[in-house]
Amino acid sequence: QVQLVESGGGLVQPGGSLRLSCLASGFTLDVYTIGWFRQAPGKEREGVSCISSSDASTYYADSVKGRFTISRDNAKNTVYLQMNSLKPEDTAVYYCAAGPSYRTTVQGLCAMSQRIYYWGKGTLVTVSS
C-alpha cells in the first residue's frame, strides 16, 4: 500500500523544538520532491518547506526561515522537519507530500502549483504555554 505517514507532532511550549518525520511505504522517496505543508484552523493549507530528490535544493517559507530545517534520508525512505524556536502561530496540522522530481521544483511543490502524487494524513503540532 502506497502511503506517507507523518509522526513527531505534539504539544510544545513557545521556544521549544520538535522533529517531524515523514515515512514512505509502498514506494521509494529518492525520485520525488518532498514537501512539508501545514494548515491551521480556519486557514488555507500552506507550503512550509520542500526538498529536491537530490538534496541539492531546498525552499522555506519566509515565516520559518532560520527556524526550520528540512532533510531527507533516502536509505530510510524518510524526510524530516526540524522545528526550533517554535511560536504559537506555528500551531497547525502538518502534512508531508510527494511530487515526481521530473515534474516538480521545490518552489512549485511548496506553492502547490505542480503535481502532487501523494499526501500524508497529517500530525498535529500545538505550540502553547
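**Aromatic contacts in a predicted model**

A search of the whole structure finds 7 aromatic pairs. This is a predicted model, where local features need pLDDT of at least 70, side-chain atom pairs count only at pLDDT 80 or more, and totals for chains, interfaces and linings use all residues. Residues are numbered from 1 along each chain as its sequence is written, and side-chain values use heavy atoms, with hydrogens and water left out.

Student: Why is the pair F27 and Y118 called tilted?

Tutor: Rings of Phe, Tyr and Trp (its six-membered ring) pair if their centres lie within 6.5 Å; planes under 30 degrees apart count as stacked, over 60 as edge-to-face and the rest as tilted. The centres of F27 and Y118 are 4.5 Å apart and the planes are at 35°, so the pair is tilted.

Student: What makes Y117 and Y118 edge-to-face?

Tutor: Their planes are at 85° and their centres 6.2 Å apart, so the pair is edge-to-face.

Student: Which residues form one aromatic cluster?

Tutor: F27, Y32, Y117 and Y118.

Student: Why does F27 count as buried?

Tutor: Buried means under 20% relative accessible area, exposed over 50%, partly exposed in between (1.4 Å probe, protein chains only). F27 has 11% relative accessibility, so F27 counts as buried. Y118, at 23%, counts as partly exposed. Y117, at 32%, also counts as partly exposed.

Student: Over the face of which rings does R45 lie?

Tutor: A charge sits over a ring if NZ of Lys or CZ of Arg is within 6 Å of the ring centre and within 35 degrees of the ring normal. R45 lies over Y95, at 3.8 Å from the ring centre, and over W119, at 4.6 Å.
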